[in-house]
Every structure is written in C-alpha cells, then in structure tokens.
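Q: I have a model open and would like to talk it through. Could you take a look with me?

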Amino acid sequence: AWAALGFRSRPAYEPDLPERRCFVRDAMTALPRVHLHAVVRGGALWRDHLAFREALRADSALAQRYGELKRGLAARHAADKAAYTDAKAPFIRSVLANARS
C-alpha cells in the first residue's frame, strides 16, 4: 500500500529499533521528501513519541527551539541523515526527561 503512494521501506534501521518501521518518499517521486515512521502502538517508542509531541504542543517556545534546531541541523548535515538524527538526539532526550519528571 505504501509503495503505491511512492514510499519505499528502509529496513536497514530495523535492527536498531525493532519496534519501528521507516518508509521514505523521495523528492523525485513527490515534493517534499517525506520520512514516515511507524511504531508499535502502546510500545515504548509510541509513548515517547506522544510525550515529545505533547511537550512541544504545551510549550510554544520549546517547539520554536526544536524547529530552529532542526533547520540548522538540516543545513549542516544535508548529506548525512545519521549525523542529523544524532545531533538532535540530546534535545529530544532532554525534553523526554523533563516530561517524565
């Protein structure tokens, strides 16, 4: 079904996060490029994603800082998705730690 919409599976990431599936729709298929992550409903990643989303929704300044961080990292790591992901991880961990406390 996802293939019909231009998405292709990225199974290389599954060993690191077995509760998540990643799909990508390249910009050549349709603009913009889209990364779609599916997680197990009710699992740890599900709860973390919801907690992060709710923290951003509850604090517009936090959401703005995250947006600025992502834009800066996207420019700095345009050719290295892994470096982009690694660079934003400390921010995400901090938000989740605060949400849990």
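**Helix H2 and its surroundings**

A: The buried residues of H2 pack against helix H1 (44-58) and helix H3 (81-100). Please keep in mind that this is a predicted model.

Q: Which residues of H2 are buried, then?

A: The buried residues of H2 are Leu62, Tyr66, Gly67 and Leu73. They lie on the same side of H2, because the arc they cover around the axis is only 140°.

Q: And which residues are exposed on the other side of H2?

A: On that other side, Ser60, Arg71 and Ala75 are exposed.

Q: How many residues does H2 have, and how far does it reach?

A: H2 covers residues 60-76, which makes 17 residues, and from its first C-alpha to its last it reaches 24 Å, close to the 24 Å expected at 1.5 Å a residue.

Q: What does Asp59 do at the start of H2?

A: A side-chain oxygen of Asp59 comes to within 3.1 Å of the backbone nitrogen of Ala61 there.

Q: What is Ala55 in contact with, leaving aside its neighbours within four places in sequence?

A: With those neighbours left aside, Ala55 is in contact with Leu62 and Val95.

Q: Zooming out, what is the secondary structure of the protein chain, and how do the elements run?

A: The protein chain has 3 helices and 3 strands, and from the N terminus on the order is β-β-β-α-α-α. Of its 101 residues, 23% count as buried, and the C-alpha atoms fill a box of roughly 40 × 35 × 25 Å along the principal axes.

Q: Which elements have the lowest and the highest mean pLDDT?

A: Strand E3 (residues 34-39) has the lowest mean pLDDT among the elements, at 88, whereas H2 has the highest, at 97. Over the protein chain the pLDDT averages 90, and 98% of the residues score at least 70.

Definitions and conventions
Residues numbered from 1 in each chain as written. Predicted model: local features only at pLDDT ≥ 70, side-chain atom pairs only at ≥ 80, totals over all residues. Heavy atoms only, no water. Helix = DSSP H or I, 4+ residues; strand = E, 2+ residues; numbered from the N terminus. Expected span 1.5 Å × (residues − 1). Buried < 20%, exposed > 50% of the residue type's maximum accessible area, 1.4 Å probe, protein only. Arc of directions from axis to C-beta. Contact = heavy atoms within 4.5 Å. Polar contact = N/O pair within 3.5 Å; in protein donor to acceptor, adjacent residues only side chain to side chain. pLDDT = per-residue confidence, 0-100.
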